[in-house]
Amino acid sequence: MNKREFVKTLGGASLGLVFSPSMLSRYMAMPHAELAQDEAFWATIRGKYKLTPEYINLENGYYSMQAEPVLEAFIGHVRSINVQASRYMRTKQPDDKLRVRTRLAKMAGVTAEELIITRNTTESLDTVINGYDWKPGDEAVMAAQDYGAMLDMFKLQARRHGIVNTVVSLPLEPQSDDEIVQLYANAITPKTRLLMVAHLVNITGHILPVRKIADMAHARGVDVMCDGAHAFGQLAFRIPELGCDYYGASLHKWLGTPLGAGILYVRQDKIAGLWPIYADESMADTDIRKLNHTGTHPVHTDLAIDDAIDFHETIGVERICFGLEQQLLLRGLCVPDEPLVRNSRLLIIIENLNQKLECPDANIQQRYHLTEREQMVIIYLMLGFTNKEIANRLNLSEYTVKEHLKRIMQKTKTTTRTGLLARMIFPAPQTEIPELLFREESFTVTGLPIANTGS
Ligand SMILES: Cc1ncc(COP(=O)(O)O)c(C=O)c1O
């Protein structure tokens with residue numbers, strides 16, 4: 001593949017905004033697995049997010065912050081739509097929406113005729129649950145670990161139509177996929193019509209064997225609806241591989257779009273069977289757009305989905321989920337409050353077990369003019385190694401390690417190991433933290449800079 005083709009596959013023009021041509025050609029030669037571990041690549045991506053120095057945000061599941069290029073594009077769309085007023089709606093909007101919808105469909109591996117843009121997973125899945133022509137005594141199967149909004153929607157159908165909901169409980173440590181499949185299978189009766197399954201359970205991170213569950217359910221004549229709130233944009237897959245009939249996801253979670261964007265996929269032959277919430281007599285019963293007649297809505301959000309996909313493709317979902325099998329160790333360490341200093345700090349450490357060590361954050365390396373050796377010392381420091389252990393790893397004397405540390409501290413204007421580690425997280429000067437915070441050094445700190453890649 002030549003450079004032009006590479007750029008095209010990774011999202012075209014936007015990539016150039018993120019990486020310089022020379023970096024681009026370096027990255028283009030790297031296999032996903034290697035690039036997934038390239039700290040400089042991730043540091044560049046990280047630099048595209050404006051993080052607050054006030055706290056470390058660890059919750060990206062509600063929604064992920066938009067990368068700066070996406071946010072800027074979004075603001076541009078808001079301005080442009082505002083200026084064009086209704087003319088935009090009457091002339092360009094339908095084509096724009098179709099273009100974005102088609103792009104999303106391609107990403108999901110389905111046709112545009114089977115996918116609509118919604119506001120979120122809740123709207124997508126509730127449209128399906130509410131759209132069923134339920135009869136009293138019909139049954140639905142779901143898990144206690146499913147998302148509350150959808151569980152509530154099933155409860156509403158029970159009150160309104162007299163359906164029966166069977167709720168299974170997913171084991172925390174299943175022995176095999178078959179155990180999960182069997183759990184759902186046991187809940188199915190001849191009256192079961194719909195089974196809801198999470199692609200990725202939000203409270204445990206468990207990725208469920210959706211394909212196996214769908215095959216089992218279909219063999220029993222049961223439709224399958226999959227909650228992809230946390231999978232779309234985070235895992236590499238195409239919806240048809242899952243074998244489900246309906247799939248809903250939010251794009252503001254792992255695709256990093258502005259708030260209020262989602263998708264609903266309905267398999268072509270299932271569209272006619274769903275009642276829309278909002279009527280649209282101009283749409284055929286088999287046209288998925290009949291489910292999308294929500295009235296006037298913030299169309300600039302739809303437009304920014306395009307920009308979010310550009311940025312997301314720059315990273316590449318394969319890189320985000322590479323090493324899913326890899327074991328991670330998550331540790332937290334409190335950097336305590338001191339008299340007169342209000343804010344305690346929490347160091348969160350994500351360690352890649354058995355990881356091959358790479359350079360630390362490229363920005364930090366450049367900012368402080370760190371040599372390769374100094375970078376290695378910092379990495380081992382971050383992994384919690386003592387001077388002696390670092391010396392052994394690097395084949396140096398303890399004295400030399402101490403000298404390296406002294407020089408690193410001079411360069412980073414820190415005086416303690418804790419302060420140095422904190423520098424790696426809050427690289428001065430924009431986010432300067434009072435030096436006082438880092439004086440205490442009665443414990444060994446391990447840590448890695450937290451990167452928010454929306455993943
Ligand atoms: C598993 C799961 N499904 C659905 C949702 C609802 O997402 P939204 O509020 O974007 O509709 C969430 C929200 O976090 C979730 O975790």
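## Sheet, helices and ligand shell

In strand S5, Asp223, Met225 and Asp227 point one way while Val224 and Cys226 point the other way, and all of these residues are buried. In a regular strand, side chains alternate between the two faces of the sheet. Strand S5 covers residues 223-227 and is mostly covered, with 5 of its 5 residues buried. The model described here is predicted.

**The chain and its sheet**

The chain holds 21 helices and 9 strands, and buried residues make up 35% of its 455 residues. Among contacts between residues at least 6 apart in sequence, 68% join residues that are at least 24 apart.

An open sheet is formed by 7 strands in the order S1-S7-S6-S5-S4-S2-S3, and their pairing is mixed. Strand S1 (115-118) and strand S3 (164-168) stand at the edges, and because each has a single partner strand, one side of each is left without a neighbour in the sheet. From one strand to the next, the twist averages 15°.

Two of the pairings can be set side by side in a table.

| Strands | Sense | Bridges | Bridge partners |
|---|---|---|---|
| S2 (residues 139-143) and S4 (residues 192-198) | parallel | 3 bridges | valine 141 and leucine 195 |

Valine 224 is itself among the buried residues of S5.

**Helices on the sheet**

Helix H8 (residues 93-108) packs on the sheet, where it touches S1 and strand S7 (262-266), and the direction of H8 makes about 115° with that of S1. Helix H11 lies across S2, S3 and S4, and runs at about 155° to S3.

Two packed helices are described by the angle between their axes and the distance between the axes. For helix H11 (residues 177-187) and helix H12 (residues 210-219), the axes come within 9 Å and cross at roughly 35°, and the crossing is right-handed. Which residues meet where H11 and H12 are in contact? From H11 come Asp177, Ile180, Val181, Tyr184 and Ala185, and from H12 come Lys212, Ile213, Met216 and Ala217. By class, this contact has 7 nonpolar, no polar and 2 charged residues.

**Tyrosine 368**

Tyrosine 368 lies in the loop between helix H17 (362-367) and helix H18 (372-382). Is tyrosine 368 buried or exposed? With 20 other C-beta atoms within 10 Å, tyrosine 368 counts as buried, because the cut-off for that class is 20 or more such atoms. Leaving aside residues up to four places away in sequence, tyrosine 368 touches Lys411 and Thr412. Glutamine 410 is 42 residues from tyrosine 368 in sequence, whereas the two are 9.5 Å apart in space, C-alpha to C-alpha.

**The ligand shell**

Around the ligand there are 13 residues, of which Asn120, Thr122, Tyr147, Asn202 and Ser250 come nearest. By class, the shell has 5 nonpolar, 7 polar and 1 charged residues, while the contact of H11 with H12 has no polar residues.

Conventions
Residues are numbered from 1 along each chain as its sequence is written. This is a predicted model: local features need pLDDT of at least 70, side-chain atom pairs count only at pLDDT 80 or more; totals for chains, interfaces and linings use all residues. A residue is near a molecule or strand if its C-beta atom, placed from the backbone, lies within 6 Å of it. Ala, Val, Leu, Ile, Met, Phe, Trp, Tyr, Cys and Pro count as nonpolar, Asp, Glu, Lys and Arg as charged, and the others, Gly among them, as polar. Helices (H or I, at least four residues) and strands (E, at least two) are DSSP runs, numbered from the N terminus. A residue is buried if 20 or more other C-beta atoms lie within 10 Å of its own, exposed if 12 or fewer, and partly exposed in between; C-beta atoms are placed from the backbone. Two residues are in contact if their C-beta atoms, placed from the backbone, lie within 7 Å. Axes are lines fitted to C-alpha atoms, for helices over the stretch in contact, and angles run from 0 to 180 degrees between N-to-C directions. A crossing is left-handed if the near helix is turned anticlockwise from the far one by less than a right angle, and right-handed if clockwise. Two strands pair if DSSP finds at least two bridges between them.
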